[in-house]
Amino acid sequence: MTNQLAVGVDLGGTTVKTALIDSGGTVIAQSKLPTLAEVNPPAVIGQIKRAIRDVLPHAAGRTVAGIGIGAPGLIQNPGGIVKSPPNLNGWDEVPLADEIRREFGLRVEVDNDANVAAVAEAKFGAGRTHRDFLFIIWGTGVGGGIILNGEIYRGTTGGAGEVGHISIDHNGLLCNCGTRGCVEAYVGQKYLSKRTAEKVRSSPSSKILELAGGDPERITPLFISQAAEAGDDLAKEVLVEAGTLLGVMIGGVMSTLDFRITVIGGGVSAVGDFVYDAILRSVRNNVQKPLRDGIRIVRAELGNDAGVFGAAGMVL
Ligand SMILES: [Zn+2]
């Protein structure tokens, strides 16, 4: 394969990160501008165009395959229409792909953060040697992306891969999407912290509480993880339970798609190996026997750079 170039744009609530990247994963040029989210959509689009103009000249005459953009909110594909992104003022529905295509005359792809991170792992990270895998972003919520034949699978309207809203208990906790028992309502950062705060009340000597400065409201997955590393039983119990619940959902997806690999990234995914062991045990218990061989749960490799790499990866 020839070494192509692409522009990747990571549109965040505060900054627009942009990079010109080659298909080998080398960053040729990069730019970081304020999003101007508090102004209005034309201002934000202006910043995206400015950022692309900053990096494009560094192609120095080499062909640029296109521009990929990772954006918050719901993305309607095909079309790259960004709908109601949180944290972007006055932004209802914007045909972002068209806007950028008109300006630069290049191929433009727009997708949501989780799908973009999945593409980043497929092209440059933990999934690069696998044609098919499930990607999970375990952080504030639980997002996902399905990589099929090395490409993101988007479904009919672009909504495929929202695995955080798979219910694991029809009588379970109410999720903010309105459904009961979504796995996100148990293991998403906010819910995990809240449930741990309740448990800590009956184990006040837990190291978790000490790390949170004695205030259950200040408990975060990082403190739970640190307490577990220090040998705290409650912390280990909470994380093993979270891993087990996540594994129930993953097992269902692996069964549906006959996949063997799940790559997990996101803030909470920094937890210790024992949590990954719990996830794997649970996945194996939740798929049929003939599918169990070769199931693996692996850590994502790209971290904070996943946004620009995955965005560029969509057009490479
Ligand atoms: Zn939900």
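Predicted model: local features only at pLDDT ≥ 70, side-chain atom pairs only at ≥ 80, totals over all residues.
Contact here means heavy atoms within 4.5 Å. Ile-224, Ser-225, Ala-227 and Ala-228 of H7 touch Ala-235, Lys-236, Val-238 and Leu-239 of H8. Sorted by class, that contact comprises six nonpolar residues, one polar and one charged. Two packed helices are described by the angle between their axes and the distance between the axes. For H7 (residues 221-229) and H8, the axes come within 7 Å and cross at roughly 120°. Angles of 65 to 115 degrees count as roughly perpendicular, so H7 and H8 end up oblique to each other. Their crossing is left-handed.

H8 also packs against H9. Here the axes of H8 (residues 233-257) and H9 (residues 273-285) come within 7 Å, with a crossing angle of roughly 40°. Angles under 35 degrees count as roughly parallel, so H8 and H9 are again described as oblique to each other. The crossing of H8 and H9 is right-handed. On the H8 side, the contact is made by Lys-236, Leu-239, Val-240, Gly-243, Thr-244, Leu-246, Gly-247, Val-248, Ile-250, Gly-251 and Met-254, and on the H9 side by Phe-274, Val-275, Ala-278, Ile-279, Ser-282 and Val-283.

H3 brings Val-116, Ala-117, Val-119, Ala-120, Lys-123 and Phe-124 to the contact, while H10 brings Ala-306, Gly-307, Phe-309, Gly-310, Ala-311 and Gly-313. By class, the H3 and H10 contact has eight nonpolar residues, three polar and one charged.

Now for the metal. The zinc ion is held by ND1 of His-165 and by the SG atoms of Cys-175, Cys-177 and Cys-182, at 2.0 to 2.4 Å. Ideal angles at a metal are 109.5 degrees for four tetrahedral donors. In this site the angles among the four donor atoms run from 106 to 119°. Four donors count as tetrahedral if all angles lie between 85 and 135 degrees, so the zinc site is classed as tetrahedral. Along the chain, the donor residues follow the spacing H-x9-C-x1-C-x4-C. Of these, His-165 and Cys-175 are 10 residues apart, with both in the loop between strand S11 (151-153) and helix H4 (184-187).

Most residues other than glycine have a negative phi, and most peptide bonds are trans. Against that background, the peptide bond joining Asn-77 and Pro-78 is cis, with omega about -5°. Pro-78 sits in the loop between strands S5 (74-76) and S6 (81-83). Asn-149 is not a glycine, yet has a positive phi of about 55°; this residue belongs to the loop between strand S10 (142-148) and S11. Asp-258, another residue other than glycine, also has a positive phi, near 55°. Asp-258 falls in the loop that runs between H8 and strand S12 (261-265).

Conventions
Residues numbered from 1 in each chain as written. Heavy atoms only, no water. Axes fitted to C-alpha atoms, helices over the stretch in contact; angles between N-to-C directions. Helix = DSSP H or I, 4+ residues; strand = E, 2+ residues; numbered from the N terminus. Parallel < 35°, antiparallel > 145°, perpendicular 65-115°, else oblique. Left-handed = near helix turned anticlockwise from the far one by under 90°. Donors = N, O, S within 2.8 Å, 3.2 Å for Na, K, Ca; no water. Tetrahedral: all angles 85-135°; square planar, octahedral: opposite > 155°, others 65-115°. Nonpolar A, V, L, I, M, F, W, Y, C, P; charged D, E, K, R; others polar.
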